[in-house]
Amino acid sequence: MQTTPLTGSEIIRQIQQLVPPGSPEPQDPEILAQLQELTQALIQDYEDSGRLQGDPFNEAWTRSLYLYEAEVRSQLQGKTVLVTGGEGCVGHQLIQKLVTLGAERIISVDNARCVDGKTPAPLAGIAPNVTLHAIDVRDYDALKQIFEIERPDLVFHLAAIRIPGVAEKIILTTVTTNIFGTQNIIQLCEEFNVEQCIFSSTGKASRYWTGEVYAASKKVCEWLFAHAAQTGKVRYGMVRFTHILDNSSMIEQITSKVEQGRPVNIHAPERYVAGQNVGEAVHLLLNSLILSRTEQLIFVLVRSLGWPTESLEVALHMIQQSGKNLPIYFQGIPVGYEESFFLGQVDWSKQTEINTLINALETWYASSISSSGDMIVAATIPFSSAVLTQQLADLRTLADDLQTPQPDIKQKLAEVVWEVSKSSMRLATPQQLLHILQWGMNLKQYQRGEFSLAPYKPFIELVVQSLYDRLCVQVLKDCQVSMSKFATMLSVLATFPTLAQEVAYMQRILELNTKELELISRKNA
């Protein structure tokens, strides 16, 4: 009797039953044999559905991005360029490009060779006009000495703790490197009259709020550069990267397991990532020299990243290509990678232009398409500089006390992001916030039991609290929210104990304006 093949979801469920998320790497030969069989069945299932026909990241690997080469060459002519993080993957490629584009002198600052606080002598780089300095960006005095000697005209600030999982383990180092190191760079750029400074951020910083250390630290840096652009003399620019394949920790980890012939661990099924190649990253940085403006922080990102790629598909493809009979298992989602995608993050009114590296408020505030057609050029949304300054002062006080537990620093960092983000949302229109709330709550799927609001509680709280005392019948009318829909929203929001005051306020609007809302409802029906 022929048995019906298991579906992909059934295979995944069996794998998770054999090795529950959170378990260590399986060692039992019997379990490994079953995992191998299930993994091969999953590969077959993917192949039967037309997947695994090539590298899942092929489009991202081969995609190119326009470079305003003539303008960039002109900008680099006769200039001394300083690159922090110059010995990293992107920094190294950027320096190579700076050489070919005619920069007069290139200075790399990187902590890669710093050991026990000692500063090794500088090394010659890939060309006679390139020098590599081993300096940590947290070391203000050492940085200042480089600025005094080299007098850079242009700065690219790439140095950072960049792997989310690592950032969660070394919270203090991440905060002091990513945030306080950035403050050092900005201060020195202003002091030494640098012409332009370009910062590399991450698409994770587009989140309205984040408690993850890496993403939160980068979001704070964006605010630091936005404030500097408005108050300083230097012309600042910024790019947002996504998962750069050339230095992908995920690909490195899978490759290592395949080469060792060990079980391949994946965070979880249905986890997706958008990828880009290092060539795109370098062109974004260089184009920012041309696209940046004075007195406002402009950021640039790839316009079309294609469909996100499933990490499970990547692992299955790499096992398939290796020819080895290796098992996979799902380790569970580590700290630093937990946050789910909030549907209110992007502007769903323009679905053909959805890009997860820019949020809806940023899209509405000031965004355009580059003349080349392949980049989004946008401005950071307003926020309260006073709130940022006070919150960062409190964070530094905590970080300077070596007795402060790391979780307390993480908690304060999340508070910094919350308070500054709230100041941004208070400057948005109530109509914009109500649109974000509707998209984020996804009421239709929620009512059908297909959608849980629990993972998005912080985002919903942030938006609702920012709407407090600003919602009225006219806003509901502008957003075409019917009485019945508004009542449903309130019944759902009432399940959040932290929003009792805001829900009571909205309930009064409903009660006092029933007749007008009924007219709106009939008109929209």
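**View 1. Leucine 301 has isoleucine 376 as its bridge partner in S16.** The model is predicted: local features need pLDDT of at least 70, side-chain atom pairs count only at pLDDT 80 or more, and totals for chains, interfaces and linings use all residues. Residues are numbered from 1 along each chain as its sequence is written, and side-chain values use heavy atoms, with hydrogens and water left out. S12 and strand S16 (residues 375–379) are antiparallel and share 5 bridges. Strands here are DSSP runs of E with at least two residues, helices are runs of H or I with at least four, and both are numbered from the N terminus. Two strands count as paired if DSSP finds at least two bridges between them. S7 and S12 are joined by 3 bridges and run parallel. Here glycine 237 faces isoleucine 298 of S12. In strand S12 (residues 298–302), 5 of the 5 residues are buried, so the strand is largely enclosed by the rest of the structure. Buried means under 20% relative accessible area, exposed means over 50%, and partly exposed lies in between (1.4 Å probe, protein chains only).

**View 2. Ten strands form an open sheet with mixed pairing.** The strand order is S3-S4-S2-S1-S5-S6-S7-S12-S16-S15. Strand S3 (123–124) and strand S15 (367–369) are the edges, each pairing on one side only. Strands of a sheet pair through backbone hydrogen bonds, either parallel or antiparallel.

**View 3. Strand S5 has parallel pairings with S1 and with S6.** Strand S1 (residues 80–84) and strand S5 (residues 154–157) are joined by 4 bridges. Threonine 84 has histidine 157 of S5 as its bridge partner. Another 4 bridges join S5 to S6. In that pairing, phenylalanine 156 has isoleucine 198 of S6 as its bridge partner. Leu154 and Phe156 point one way from S5, while Val155 and His157 point the other way. All four are buried.

**View 4. Helices H5 and H8 lie across strands of the sheet.** Helix H5 (residues 89–100) lies across S1, strand S2 (105–110), strand S4 (130–134), S5 and strand S7 (235–241). H5 runs at about 170° to S1. Helix H8 (residues 171–191) lies across S1, S5, strand S6 (196–202) and S7. H8 runs at about 175° to S5. Contact means heavy atoms within 4.5 Å. Axes are lines fitted to C-alpha atoms, for helices over the stretch in contact, and angles run from 0 to 180 degrees between N-to-C directions.

**View 5. The second largest pocket has a volume of about 390 Å³.** It is lined by 13 residues, with Gln438, Trp439, Asn442, Leu443 and Lys485 the closest to its centre. Helix H16 (430–441), helix H17 (443–447) and helix H20 (483–493) each give two or more residues to the lining. By class, that lining holds 4 nonpolar, 7 polar and 2 charged residues. Ala, Val, Leu, Ile, Met, Phe, Trp, Tyr, Cys and Pro count as nonpolar, Asp, Glu, Lys and Arg as charged, and the others, Gly among them, as polar. On a 1 Å grid over the protein atoms alone, a pocket is an open set of points with protein on both sides within 12 Å along at least five of seven lines, a cavity is a set where a 1.4 Å probe fits but cannot get out, and lining residues have an atom within 4 Å of a point. Points are joined across faces, edges and corners, and a volume is the space filled by probe spheres set on them.

**View 6. The largest cavity has a volume of about 150 Å³.** Of its 14 lining residues, Lys219, Trp223, Glu362, Ile381 and Ser424 are the closest to the centre. At least two lining residues come from each of helix H9 (213–231), helix H13 (360–365) and helix H15 (406–427). The lining divides into 6 nonpolar, 4 polar and 4 charged residues. The count is 1 cavity of 30 Å³ or more.

View 7. Leucine 52 is not a glycine, yet its phi is positive, about 65°. Leucine 52 is buried, at 6% relative accessible area. Glycine 54 is partly exposed, at 32%. Its C-alpha atom is 9.9 Å from that of valine 314, which is 260 residues apart along the chain.

**View 8. Glutamine 480 lies in the loop between helix H19 (473–478) and H20.** Its phi is positive, near 55°. Most residues other than glycine have a negative phi. Glutamine 480 is exposed, at 58% relative accessibility.
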